[in-house]
Amino acid sequence: MSDARKTVFVKTYGCQMNVYDSDRMTDALLPSGYDVTETIEGADLVILNTCHIREKAAEKVYSELGRIRKLKEAREAQGGSMMIGVAGCVAQAEGEEIVRRSPVVDLVFGPQSYHKLPDLIDKAKDTRGLVDTDFPVEDKFAALPKPDKKLTQARGSTAFLTVQEGCDKFCAFCVVPYTRGAEVSRSVAQIQAEAQALVEAGVREITLLGQNVNAWHGEGQDGREWGLGELLHHLADIEGLERLRYTTSHPGDMDDALIDAHGSLDKLMPYLHLPVQSGSDAILKAMNRRHTREDYFRLVDRIRSVRDDIALSGDFIVGFPGETDQDFEDTLDLVRRVTYAQAYSFKYSPRPGTPAADSEEQVPEDVKSERLYRLQDLLKEQQAAFNQSCLGREMDLLLERPGRMDGQLVGRSPWLQAVQVEAPQSLIGQIARVRIDKVGNNSLFASLTDTPVWAHSEISEQDSQAERSLVEH
Ligand code: SAH
Ligand code: SF4
Ligand code: F3S
């Protein structure tokens, strides 16, 4: 009965795993009568899927809750209702504290509970301020429905697929092992079934996700223990799947099979997010990263030896406790030697419960700011140089959605750059060959080459016509 249906608005903070989780929540809510809405005002259910990684990320939630409280009160004044749920890593880390600080919240649930969401919503109707942050023994992935076909189509031609969750590394600055729990790998069969369902719904590119995705391991179909390299080979056999990526990797878990997959798998995109955090051995040790800067250089050389056009991205923390000027110079030196196509960098943020937060060698805020500024300057320069090197180059784009101007589409390059191209809407979801004509500050501009698109994709012309009508309807 359509008039009995309700709406859910989900706001996602943090990493790609949260994006994936938000989609699984809306998938799980669909059978209980909730359709997704993009506007918060009229929503019956509002979920904030939160991130605890840095203090700023966590604090955002409380300011957003203040804003939502007003919407809820306005709704109630008109005789309606609005249920508010807080999910994700702040929910896991702070639990009851959220309801204490923000009594407007009806429901708090951690990343291991979202398959129970329909049930929790029912319970929260009677018990306002319900908190569920258990790490249940049951396999939440097995309890979740397969990605919904219609919702998947609406989400476009790229998708995330979580293959691994949690982390056992315990870097001294990081909350993830506490908010996401111990490292768990999903089975090959589960991953294969989900990937297949995504491709059947029109997905052309899948990014495998995990807090430590390259720690994934599981029993393969040949009875042997597989790592991520073998898994990627297996998934590359799925017909209609054109591109594979994975993120985020720990340098210590890049095994030979995974490195070699970059040399032998055409579908594996030549772009790798490989965070190093610092270029100083003393700081790497204090961070408990379990590798040295030389280990990282050797690894990068090895990866580039199997695929010379691979581009790297990274994460960096400046101002970790005890970081000296020389330690920071070592980070700049590492960046100059490695060269990144893209990178994320942050000021160290002490997180409650993590070992580094208690250190007495905290770096003053103004020193952190100055270091971040210098590092970002260098990283920006490298990113601009990488983009500039693409000028005049031909490459394949996966055309994802309408662009900024009429008649334009936005596509992703193999190196994850956003590229604007003049192309008809009917090509959305297709891979097209383009030439880069112009390099702007935030995106690249390209034109289609003369070669017909279907000549570059493994699907036949007839299939691609069918695909187009699928996307258009
Ligand atoms: N699993 C990934 C990173 C997950 S968190 C890895 O092992 O690299 C994403 C990024 O946030 C990290 O790479 C790190 O650069 C940053 N980060 C994590 N904790 C932080 C903290 N306490 N302060 C500042 N940045 C932090
Ligand atoms: Fe956090 Fe990544 Fe370190 Fe795990 S490996 S503790 S997720 S930074
Ligand atoms: Fe944030 Fe949790 Fe991801 S802390 S970065 S949302 S794993």
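**Figure 1. The loop that holds T248, between β13 (243–247) and α11 (256–264) of the predicted model.** Helices (H or I, at least four residues) and strands (E, at least two) are DSSP runs, numbered from the N terminus. T247 and T248 are joined by a cis peptide bond, with omega at about 0°. Most residues other than glycine have a negative phi, and most peptide bonds are trans. The model is predicted: local features need pLDDT of at least 70, side-chain atom pairs count only at pLDDT 80 or more, and totals for chains, interfaces and linings use all residues. Residues are numbered from 1 along each chain as its sequence is written, chains are lettered from A and ligands numbered from 1 in the order in which they are written, and side-chain values use heavy atoms, with hydrogens and water left out.

**Figure 2. Q277 in the loop between β14 (271–273) and α12 (281–286).** Q277 is a residue other than glycine with a positive phi, near 75°.

**Figure 3. The shell around ligand 2.** The residues around ligand 2 (a heavy atom within 4 Å) are C167, K169, F170, C171, F173, C174, V176, P177, N212, H250 and R289. By class, this shell has seven nonpolar, two polar and two charged residues. Ala, Val, Leu, Ile, Met, Phe, Trp, Tyr, Cys and Pro count as nonpolar, Asp, Glu, Lys and Arg as charged, and the others, Gly among them, as polar.

**Figure 4. The shell around ligand 3.** C15, N18, T50, C51, H52, I53, C89, R180 and Q211 surround ligand 3. Four of these residues are nonpolar, four are polar and one is charged.

**Figure 5. The contact of helix α1 (residues 16–29) with helix α5 (residues 117–126).** The two axes come within 9 Å and cross at roughly 70°; they are lines fitted to C-alpha atoms, for helices over the stretch in contact, and angles run from 0 to 180 degrees between N-to-C directions. M25, A28 and L29 in α1 meet L117, P118 and I121 in α5, where contact means heavy atoms within 4.5 Å. The contact has six nonpolar, no polar and no charged residues.

**Figure 6. Domains of the chain.** The assignment, automatic or from a database, gives domain 1 (6–132), domain 2 (140–388) and domain 3 (394–468). Between domain 1 and domain 3, the C-alpha centres lie 36 Å apart.
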